[in-house]
Amino acid sequence: MTIHTETAGLRPAAAVPQIDRNILIQWGITAITALLVVLPLLPVFYQAFLDRPLYDAAADFTLANFGRLLTPEFGAVIGNTAWFAVGATIIAQLLGIIGAILVGRTDLPGRTFFGEMLLWPLFISHLVMAFGWFTMYGPSGYVTLLVQNIVGVMPWDLYTVTGMAVVAGVAQAPLAYLYCIASASAADPNLEDAARSAGASPWTVLRRITLPLMRPAIIYGTIMNFVIAIEMLSIPLVFGGPVQIDLFTTYLYHQVFMNATPDYPLVAAASFFLLVIVLLLMMLQGRLMRNAGRFVTVGGKASRPRRFPLGRWRWVAFAGLLFYVVFGIVIVLGGLAVRSVTVLLTPLMPIWDLFTWANYEMIAGYEVYVRSIRNTILISVIGGALGTLLITFIALVATRSEFPFKRQLEYLAISPRAIPGIIAGIGIFYAMSLFPPLGWLRNTIWLLIIAYIMRYLPTGFGAVAPALSQISADLDRSARTVGADWWRTSRSILLSLLKPAMFSCFALLFIHFLKEYVTAVFLFAPGSEVIGTTMLQFWIQGDNGPVSALATIQILITVVFVYVARKALGVRIYG
């Protein structure tokens, strides 16, 4: 007798659905990335349309905050920012392009030395550079007083928008140099040789062939330097603050920290305005770079560009570049080191008569100052490691998986490039009020680590993704043929091959985290101080000696790390 399961009330057991760990990991990475990027922006957008602080239950929707920006005061802020950004960008680009051509394409003496020195300011924070310029070229600066004693008048004034633009332009020139040097060094010489064979002079070749081929690098550097100038805080704060010259970033800073009751709706509206400007500039950059492929001249055939002979201008060019290196880098950073071991720095008295260790003893004698150094190192190490791990997983999902939203994930990873550090700090500050469960992060370095990782996702992604694209996809396919899934392939094969790129990513993040201060200004609290915020507090109090000592400590940490990373580990640290 046959018993049918249906009549007996029995059915075949349903298969238990299996959770695909690959999909789970990929969605998890995407969710973490989305939270990091979106979380700081939502509170800014929300607060910009409220008439009261977002934590106030009586807050109502309004557009009046944007109308409040339409004042002569804010108009002056916009004008100052535009003049500052344009001036700084022009100076930075001219110095950077000239330096790249001289080092990369001419027979300039000492090219190796200049190639190294021109990059070093990239490793130093703008805050340290600003204090260095103040110490040496400010109204009471050592070089200023020395020149004034000789000529009888004040030789320059950095407490103007133009003066600040000069400081920022000289400090940002290495970035323009970095973008242009690779383009200048790698161009196919055939076009230049053809022009020479037609009778063109070296100057004509440079003007009609070499510079046009560098156009993508010049455009990219110009927009990046302009964006950095707009979001720069340190130089406008150090030189504009004492004379009440406000730029966009210092306007936001003063609205939060210099008012008894911060006007959060107005700050959010201004932040929203700044973010829109930066996003438009990033879109312009993408549009201008869309046809950059027509400037490609490097093919598979190995070739080396011929260096332009400078002739009688050889040593003139050497002297000009040496002048920039000495007065724009060496004296600025060296002056901080000297000031850190003196009571004051003046040409009117011998330095050895003013020698003291009191500035370092003061820092070592107070736990809060020691803690700021310790926190900075911990954030750089822990944050760099966690950031490298997250960025590596993002790159694996975005470039080596079948995840359906991998392209959107890549856009998320590079989008923080358009989020100024000051907005990231303000946004996360607001998020603490909007999302109470995040309150436990207050007064901890973990809040700064999260903010820093979000801020520099594009930097790390730019170090890992290109290296991953150089690894043949055949390795993935071979692993799949023996039954390995995406996660097993990534963990066993790709991560092993990515170790050099991951070291480079960690080094980049370490340097950026070490010198970051803008994001931390709005987030630090007792217990989570960093070197940058402590230097700002010393400067506000007029304690220039401890400022110089902390800046020197930060420079020394940077020098040691860069030396070890480059010489011992062979890591490339140029982002």
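Visitor: Let's start with P155. Where is P155 found?
Guide: P155 sits in the loop between α7 (142-151) and α8 (161-186). Keep in mind that this is a predicted model.

Visitor: Is P155 buried, exposed or partly exposed?
Guide: P155 counts as partly exposed, because its relative accessibility is 30%.

Visitor: What is P155 in contact with, neighbours within four places in sequence aside?
Guide: With those neighbours left out, P155 contacts T144, V147 and Q148.

Visitor: And Y137? How many residues apart are P155 and Y137?
Guide: They are 18 residues apart in sequence. In space, their C-alpha atoms are 9.6 Å apart.

Visitor: Let me zoom out. How many helices and strands does the protein have?
Guide: There are 27 helices and 0 strands.

Visitor: How much of the protein is made up of buried residues?
Guide: Buried residues account for 52% of the 575 residues.

Visitor: What share of the contacts joins residues 24 or more positions apart?
Guide: Taking the contacts with a separation of 6 or more, 78% are between residues 24 or more positions apart.

Visitor: Show me a helix pair. How do α2 and α19 cross?
Guide: Helix α2 covers residues 41-48, and helix α19 covers residues 421-434. Their axes come within 7 Å and cross at roughly 80°. That makes α2 roughly perpendicular to α19, because angles of 65 to 115 degrees count that way.

Visitor: Which residues meet there?
Guide: From α2, they are P43, V44, Y46 and Q47. From α19, they are I423, G427, Y430, A431 and L434.

Visitor: How do the residues of that contact divide into nonpolar, polar and charged?
Guide: The contact of α2 with α19 has 7 nonpolar residues, 2 polar and no charged.

Visitor: New topic: salt bridges. How many are there?
Guide: The count comes to 7 salt bridges. In general, side chains of opposite charge can pair when their charged atoms come close.

Visitor: Give me one. What does R455 pair with?
Guide: R455 forms a salt bridge with E231, at 2.9 Å from N to O. This pair links distant parts of the chain, 224 residues apart. R455 is in helix α20 (residues 445-455), while E231 is in the loop between α11 (215-230) and α12 (234-240).

Visitor: Are R455 and E231 buried or exposed?
Guide: R455 counts as buried, at 14% relative accessibility. E231 counts as buried too, at 12%.

Visitor: What about R371? Which side chain does that one meet?
Guide: R371 meets E529 in a salt bridge, 3.0 Å from N to O. R371 lies in helix α17 (residues 367-399), and E529 lies in the loop between α25 (518-521) and α26 (531-541), so the pair ties together parts 158 residues apart in sequence.

Visitor: One more. Where do E410 and R407 lie?
Guide: Both lie in helix α18 (residues 406-414). They are 3 residues apart, about one turn of the helix.

Visitor: Why does E410 count as buried?
Guide: Because its relative accessibility is 19%, and buried means under 20%. R407 is partly exposed, with a relative accessible area of 45%.

Key. Residues numbered from 1 in each chain as written. Predicted model: local features only at pLDDT ≥ 70, side-chain atom pairs only at ≥ 80, totals over all residues. Heavy atoms only, no water. Axes fitted to C-alpha atoms, helices over the stretch in contact; angles between N-to-C directions. Helix = DSSP H or I, 4+ residues; strand = E, 2+ residues; numbered from the N terminus. Parallel < 35°, antiparallel > 145°, perpendicular 65-115°, else oblique. Contact = heavy atoms within 4.5 Å. Nonpolar A, V, L, I, M, F, W, Y, C, P; charged D, E, K, R; others polar. Salt bridge = Lys/Arg side-chain N within 4 Å of Asp/Glu carboxyl O. Buried < 20%, exposed > 50% of the residue type's maximum accessible area, 1.4 Å probe, protein only.
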